[in-house]
Amino acid sequence: MNLSPNQAHVWTLPLAVGDDALIERLLDAVLSDAEIARASRFKPVNSRHEYIAAHALGRIMLSAFADVAPRDWQFETGPHGRPEISGPENSLNLRFNISHTRGRVCVAVIRDHDIGIDIEWRGRDNLLDDIALAKFARPELAQLDKRPESEKRQAFFSFWTLKESYIKAIGRGLSEPLDGFAFSLDSLTIDFLNGQDDSQAWQFQSKSIGDDYTRALAVRCGVGSDLTVREQVIDISSLNAKITA
């Protein structure tokens, strides 16, 4: 597959009851020894399968854009846990990010630019109001307060996934204070309240996937660049077929 400059690809993999055998097949076929060891430490089966599927999807997706077998990719982890390609030679300067939640896995790939993706299942029964008060910036809380009650859950997850996508793109994870920057849901722009970054450097995408999921994408490509996002939903059988093709 071709990967043009300023073109992001997003693959989404739904996971369902009955996929267990196909997910486990990916373990030995695609994952590294270190990933296999980490997968073995997950006790809930669904968490184990989300981890296996996410990392297998990442490897297979990268191989769609480079002449490298999925299992041959090597990664190094940054100080806050973000993986980056360390080998083989990455002549296209591929950048990627992975996210998974209950029943869904997403991977985003682009050339040259920092990229972050986050997907969340909206059925979580967390205390969303308490999380918002603790983590959201004041301008975001003001936007949330203005929403009708029927829209607040969707708005919460829009804010949350946008914030997660940004901190994943910069590679800092939750070490970056979430109340230090604020999103506008209407314009999908970011305001850095302490001047810690350049709002003109970023483009964002936010979307609802069906009735149950919210997904956000962050790309450091500049607001004036012609960013395109190509999306594909892939099923677990097709993913397995790619490792035997």
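Helices here (H or I, at least four residues) and strands (E, at least two) are DSSP runs, numbered from the N terminus.

Before we dig in, note that this is a predicted model, where local features need pLDDT of at least 70, side-chain atom pairs count only at pLDDT 80 or more, and totals for chains, interfaces and linings use all residues. Residues are numbered from 1 along each chain as its sequence is written, and side-chain values use heavy atoms, with hydrogens and water left out.

## Two helix pairs

Let's start with helix 5 (residues 138-146) and helix 6 (residues 152-169). Their axes come within 9 Å and cross at roughly 160 degrees, so the two helices are roughly antiparallel to each other. Helix 5 passes helix 6 in a right-handed crossing; a crossing is right-handed if the near helix is turned clockwise from the far one by less than a right angle, and left-handed if anticlockwise. On the helix 5 side, the meeting residues are Glu140, Gln143, Leu144 and Asp145, and they face Lys152, Ala155, Phe156, Phe159 and Lys163 in helix 6. Contact means heavy atoms within 4.5 Å.

The second pair is helix 1 (residues 20-30) with helix 3. These pack at an angle of about 55 degrees, with their axes 9 Å apart, so they are oblique to each other. This time the crossing is left-handed. Helix 1 brings Asp20, Ile23, Glu24, Leu26, Leu27 and Val30 to the contact, while helix 3 brings Arg48, His49, Ile52, Ala56, Arg59 and Ile60.

Four of them make an open sheet in the order 4-5-1-11, with mixed pairing. Strand 4 and strand 11 (228-233) are the edge strands, each pairing on one side only. From one strand to the next, the twist averages 15 degrees. Helix 3 (residues 45-63) packs on this sheet and touches strand 1, strand 4 and strand 5 (104-111), and its direction makes about 25 degrees with that of strand 5.

Two strands pair if DSSP finds at least two bridges between them. Strand 1 (residues 7-14) and strand 11 run parallel and are joined by 6 bridges, with Val10 standing opposite Glu231 in strand 11. Strand 4 and strand 5, on the other hand, pair in the antiparallel sense over 8 bridges. There, Ile98 has Val107 in strand 5 as its bridge partner. These two strands form a hairpin with 2 residues between them, and Gly103 in the turn has a positive phi of about 85 degrees.

## Buried spots

How much of strand 4 is buried? Quite plainly, it is mostly covered, with 7 of its 8 residues buried. Buried means under 20% relative accessible area, exposed over 50%, and partly exposed in between (1.4 Å probe, protein chains only).

Thr101 lies in strand 4 (residues 94-101). Its side chain reaches the backbone nitrogen of Trp121 at 3.2 Å. Beyond its neighbours within four places in sequence, Thr101 is in contact with Glu50, Ile119, Glu120, Trp121 and Tyr213.

Over in helix 7 (residues 236-242) we find Ile236. Which residue is 214 residues away from Ile236 in sequence, yet 6.8 Å away in space, C-alpha to C-alpha? That is Leu22. With neighbours within four places set aside, Ile236 is in contact with Leu13, Asp19, Leu22, Ile23 and Leu26.

Here are some accessibility values side by side:

| Residue | Relative accessible area | Class |
|---|---|---|
| Thr101 | 8% | buried |
| Ile236 | 5% | buried |
| Asn93 | 33% | partly exposed |
| Asp112 | 42% | partly exposed |

Most residues other than glycine have a negative phi, and most peptide bonds are trans. Asn93, in the loop between strand 3 and strand 4, has a positive phi of about 50 degrees although it is not a glycine. Asp112 is not a glycine either, and its phi is positive at about 75 degrees; its place is in the loop between strand 5 and strand 6 (115-121).

Finally, the peptide bond from Gly87 to Pro88 is cis, with omega near -10 degrees. Pro88 sits in the loop between strand 3 (83-87) and strand 4.

Notes: A polar contact is a pair of N or O atoms within 3.5 Å; within protein, one must be able to donate a hydrogen and the other to accept it, and residues adjacent in sequence count only if both atoms are side-chain atoms. Axes are lines fitted to C-alpha atoms, for helices over the stretch in contact, and angles run from 0 to 180 degrees between N-to-C directions. Angles under 35 degrees count as roughly parallel, over 145 as roughly antiparallel, 65 to 115 as roughly perpendicular and the rest as oblique.
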